[in-house]
Amino acid sequence: TLFLDTLFDDKYFSMIESNFLYLIKYLFVFAIINGNRKYINKLKEAVSKKKNFITNHRDCFILLLEDVIIYFNSKNAKKSLEDCKIKMKEDYFMHEYIDLFVQKIKEFMLENYLILNESVDIEEIKFILDEEEDKTKKIVKDKIKYLYPNAEIKEEDKKIKFDVKEDEINEFYKIKTEDMYSLTKNMVEFFKENKKNN
């Protein structure tokens, strides 16, 4: 988190865009693994604005980032993900994170899908997750319950449908905000304590 906070700071991020394009793939991979959407949203903003590194540096990581974060194109994302796995295998810093990255990308794609849709096409999610139908259904239902604990879930014709009330969506974001506040507070206390001891 500290590594990402540093490199996503405006000053350093602008420098990376201008002079150190090869670092973008590391930012993307570790932002996905970390799971904090503030980093992913910053990448999304940069990609959406079509800054220089996008037009001049469209490798498989940039393509995957676009497919997952902007276009929500699961078919293209799966292909780009396979290309990224090959690149990661050859990379000294990333090779040990391949499985975790793949898992987190799939979770991220599913979460985005559930945020955008209240009717889940089981076949499409099976394709994204590479899982059997029963396992896919369980994963989807568990993720719905995680995102929207009080949602009404029903299954019909190869689809899982869920109904979410507006106040529950607001509560979900309230909880996420409180989690972030608690984490930040704990980190500040940790650094204060270490400073005292040193």
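**Surface, core and helices**

Reply: The protein exposes about 12300 Å², and carbon and sulfur atoms supply 52% of that area. The model is a predicted one.

Me: What share of the residues of the protein counts as buried?

Reply: Buried means under 20% relative accessible area. The protein has 198 residues. The share of them that counts as buried is 37%.

Me: How many helices and strands does the secondary structure come to?

Reply: From the N terminus on, the elements run α-α-α-α-α-α-α-α-β-α-α-β-β-α. The secondary structure comes to eleven helices and three strands.

Me: Which residues of the largest nonpolar core touch the most other members?

Reply: This core holds 53 residues. The residues that touch the most other members are Phe 28, Leu 64, Phe 101, Ile 105 and Leu 114.

Me: Why do the buried residues of H2 lie on the same side?

Reply: In H2, Phe 13, Ile 16 and Glu 17 are buried. They sit on the same side of H2 because the arc they cover around the axis is only 95°. An α-helix has 3.6 residues a turn, so residues three or four places apart point the same way. The face turned away from the buried side carries the exposed residues Lys 11, Ser 18 and Asn 19.

Me: Is Lys 42 buried or exposed?

Reply: Lys 42 is in helix H4, residues 37-48. Not counting residues up to four places away in sequence, Lys 42 touches Phe 8, Asp 9, Asp 10 and Phe 13. The cut-off for buried is under 20%. Lys 42 has 18% relative accessibility, so it counts as buried.

Me: What distance separates the C-alpha atoms of Phe 30 and Leu 4?

Reply: Phe 30 is found in helix H3, residues 24-34, and counts as buried at 18% relative accessibility. Beyond four places in sequence, Phe 30 touches Phe 3, Leu 4, Phe 93, Met 94 and Tyr 97. Phe 30 and Leu 4 are 26 residues apart along the chain, and their C-alpha atoms are separated by 7.7 Å.

Notes: Residues are numbered from 1 along each chain as its sequence is written. This is a predicted model: local features need pLDDT of at least 70, side-chain atom pairs count only at pLDDT 80 or more; totals for chains, interfaces and linings use all residues. Side-chain values use heavy atoms; hydrogens and water are left out. Helices (H or I, at least four residues) and strands (E, at least two) are DSSP runs, numbered from the N terminus. Buried means under 20% relative accessible area, exposed over 50%, partly exposed in between (1.4 Å probe, protein chains only). Contact means heavy atoms within 4.5 Å. A nonpolar core is a set of buried Ala, Val, Leu, Ile, Met, Phe, Trp, Tyr and Cys residues joined through side-chain atoms within 4.5 Å. The arc is that of the directions from the helix axis to the C-beta atoms. Accessible areas come from the Shrake-Rupley method with a 1.4 Å probe; for residues, only the protein chains shown count as cover.
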